[in-house]
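Let's take a walk through a protein model together.

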Amino acid sequence: MKLMKLSDLGLKEGINEVIGITHGVLSVESGEFNLNAAPLGLIVGDESGIDAEVRLYSNHTRENFERSGELWVNVIHDPVLFVISAFEDPGREWYESLQPPILKGALTVCRFSGKLEKGGRGRVIKLRLEEGKVLKREIRAVNRGFNLLIEALIYATRLHLNPNYASRILELEKIIEKCGGKREKEALLLLKEYIKHQG
Ligand SMILES: Cc1cc2nc3c(=O)[nH]c(=O)nc-3n(C[C@H](O)[C@H](O)[C@H](O)COP(=O)(O)O)c2cc1C
């Protein structure tokens, strides 16, 4: 892997929805670190540089990052992996490599370093790109089904805070069904399964 700028890795100005991977505790069974994966919004101001930000709420990603100061990022277009990693950690069978952590189908992988600043700007963490690699280049048109699946997933992860989000998910479902492909429909079914007992 080498030093690159953010845009070389598909990270553009604005908020980039990616999957963030951090190392958890050492597993006694396997002797390896547990891998934690979660969708994150990576905030980029200048895509020609190496600085980014992420706002981390109380979750495992934040806990791991606080300890290690390291965040791996996968740019990926698989809606099923977005859904799984929003609710649990994808098992090893979902990875094509553990070191560096690369989920199957990822387009780019990169590593950021950073520090959680005590008393800093809320939960915003400043990140610095250390290294990265392009794995695959994929040409694709905008798909509303995919975009709205991501939108529905955000509501789904916040459903415990506001049960009214259930009706928003319901509205988005219709368009995901209409515009999405097989993978988006599969992801939607999975999302509904995860939130079945909430809201
Ligand atoms: C598209 C998308 C973007 C998200 N962005 C963030 C984010 O920037 N920061 C954050 O703390 N949580 C974000 N979340 C929520 C986390 O992914 C979710 O809370 C997850 O369960 C955290 O997993 P963890 O406890 O394994 O870290 C996002 C969720 C989705 C679906």
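First, a word you'll need: a residue is buried if 20 or more other C-beta atoms lie within 10 Å of its own, exposed if 12 or fewer, and partly exposed in between, with the C-beta atoms placed from the backbone. Two bits of housekeeping come next. Residues are numbered from 1 along each chain, as its sequence is written. You're looking at a predicted model, where local features need pLDDT of at least 70, side-chain atom pairs count only at pLDDT 80 or more, and totals for chains, interfaces and linings use all residues.

Now try the word out on N64. This residue sits in helix α1; helices here are DSSP runs of H or I with at least four residues, strands are runs of E with at least two, and both are numbered from the N terminus. N64 counts as buried because 23 other C-beta atoms lie within 10 Å. Which residues does N64 touch, once its neighbours within four places in sequence are left aside? They are T22, H23, G24 and N36, where being in contact means that the C-beta atoms, placed from the backbone, lie within 7 Å. Take N36: 28 residues separate it from N64 in sequence, yet the two C-alpha atoms are 8.4 Å apart in space.

Zoom out to the strands. Six of them form a closed barrel, in the order β1-β2-β3-β8-β7-β4, with antiparallel pairing; two strands pair if DSSP finds at least two bridges between them. On average, neighbouring strands of this sheet are turned by 45° against each other, direction ignored. (Axes are lines fitted to C-alpha atoms, for helices over the stretch in contact, and angles run from 0 to 180 degrees between N-to-C directions.) Follow β8 (residues 124–134) and you'll find five bridges to β3, with D51 opposite R128. Strand β7 (residues 108–115) is joined to β8 by eight bridges; here C110 faces G132 and K115 faces K126. Helix α1 lies across β1, β2 and β4, at about 70° to β1.

The chain also splits into domain 1 (6–134) and domain 2 (144–195), with bounds that come from an automatic or database domain assignment. Their centres, taken over C-alpha atoms, are 22 Å apart. How many residues of each domain meet? Nine residues of domain 1 are in contact with twelve of domain 2. On the domain 1 side, α2 gives the largest share, six residues. That side has seven nonpolar, no polar and two charged residues; Ala, Val, Leu, Ile, Met, Phe, Trp, Tyr, Cys and Pro count as nonpolar, Asp, Glu, Lys and Arg as charged, and the others, Gly among them, as polar. Helix α2 (residues 79–87) has buried residues of its own, including L81, F82 and V83, and what covers its buried residues includes β1, β2, α3 and α5.

Finally, find the ligand. Of the 18 residues around the ligand, A38, P39, N59, H60 and T61 come nearest, where near means a C-beta atom, placed from the backbone, within 6 Å. The elements giving two or more residues to this shell are β2, β3, α1 and α3, and β2 gives the most, with five.

How values were computed. Two residues are in contact if their C-beta atoms, placed from the backbone, lie within 7 Å.
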